[in-house]
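Please look at the sequence and the model below, and follow the explanation with both at hand.

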Amino acid sequence: WKLGDVMVRVVLCAVGAALGSLYAIKKCPGETCSKPAFPFLDWDHDKGACTCRAHPCHRDERDGTVVTHSCTDSELPHLSFFYNEQGDLQCDCTKFEQFASEHISKDLCPGHRCTDAAFPLLDWDEEKGECICRTHPCHNDDGVRHSCESEDKPHLRYRYDDSDKLVCECVKGYKPGHDEF
């Protein structure tokens with residue numbers, strides 16, 4: 001990362017990174033999620049507050065049964081989700097990480113998903129009142145493209161601090177039933 005003129009090779013590894021839209025995450029500056037089972041910061045429209053969520057595919061309730069989805073194919077390693085037009089959760093495995101806020105996916109953009117690796121982030125354009133696919137904010141952080149090369153912490157996540165500054169972090173993947181990242 002480039003901070004001023006100094007190149008820093010420190011990888012931040014805080015829990016509480018975001019898996020979601022800029023629209024939702026920008027409502028939660030300075031917020032983090034500290035419980036490994038609920039690592040994803042999101043906006044709860046009904047409560048009008050930020051919330052920490054589990055991956056919806058780790059608690060997929062169907063016909064009174066809870067299903068925990070996972071991906072075992074090395075060609076399709078990333079667990080992804082979207083909600084169809086009827087509001088039903090759809091889980092699948094993809095080649096690249098797709099980022100979506102449960103609030104955006106379920107409440108504002110049912111039936112939409114981002115399938116282009118260059119634009120993996122489902123978001124809500126409040127000004128236009130429409131669903132859009134964005135680039136990952138850490139792929140162009142004032143000209144810096146962040147990435148996570150470590151096998152130990154391969155997932156690039158983001159959040160905003162109290163001063164509304166983008167924070168990019170490399171984190172471990174969460175596996176349901178485990179106590180830590």
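Predicted model: local features only at pLDDT ≥ 70, side-chain atom pairs only at ≥ 80, totals over all residues.

How many disulfides does a search of the whole structure find? The search returns eight, and two further ones can be followed here in detail. A disulfide is a covalent bond between the sulfur atoms of two cysteines.

One of them joins cysteine 57 to cysteine 91, at 2.1 Å from S to S, and with -100° about the S-S bond this link is left-handed. Cysteine 57 lies in the loop between β4 and β5 (60–62), while cysteine 91 lies in strand β8 (residues 89–94), so that the pair links distant parts of the chain, 34 residues apart. Cysteine 57 is buried, with a relative accessibility of 0%.

Strand β8 also holds cysteine 93, which is paired with cysteine 71 of the loop between β6 (65–67) and β7 (78–83), again linking distant parts of the chain, here 22 residues apart. The sulfur atoms of cysteine 71 and cysteine 93 are 2.1 Å apart, and the link is left-handed, with -95° about the S-S bond. Cysteine 93 is partly exposed, with a relative accessible area of 27%.

From the links we turn to the packing of side chains. In soluble globular proteins, nonpolar side chains tend to be buried together. The largest nonpolar core in this model has 17 residues, and those that touch the most other members are Cys138, Tyr158, Tyr160 and Leu166. Two or more residues of this core come from each of α1 (22–25), β3 (40–44), β12 (155–160) and β13 (166–171). Apart from it lies another core, made up of twelve residues, including Cys57, Leu79, Phe81 and Leu89.

Which residues does cysteine 138 touch, if those up to four places away in sequence are not counted? Its contacts are Val144, Arg145, His146, Leu156, Arg157, Tyr158, Leu166 and Cys168.

A pair of aromatic rings is described by the distance of the centres and the angle of the planes. The search of the whole structure finds one aromatic pair; phenylalanine 81 and tyrosine 83 form it in an edge-to-face arrangement, with 6.2 Å from centre to centre and 80° between the planes. Both residues are buried, phenylalanine 81 with a relative accessible area of 7% and tyrosine 83 with one of 4%.

Two lysines, finally, are placed over aromatic rings. Lysine 26 lies over the face of tyrosine 160, at 4.4 Å from the ring centre, and lysine 27 lies over the face of tryptophan 43, at 5.1 Å from the ring centre.

Terms used: Residues numbered from 1 in each chain as written. Heavy atoms only, no water. Core = buried A, V, L, I, M, F, W, Y, C linked by side-chain atoms within 4.5 Å. Buried < 20%, exposed > 50% of the residue type's maximum accessible area, 1.4 Å probe, protein only. Helix = DSSP H or I, 4+ residues; strand = E, 2+ residues; numbered from the N terminus. Contact = heavy atoms within 4.5 Å. Phe/Tyr/Trp six-rings, centres within 6.5 Å; stacked < 30°, edge-to-face > 60°. Lys NZ or Arg CZ within 6 Å of the ring centre and 35° of its normal. Disulfide = S-S within 2.5 Å.
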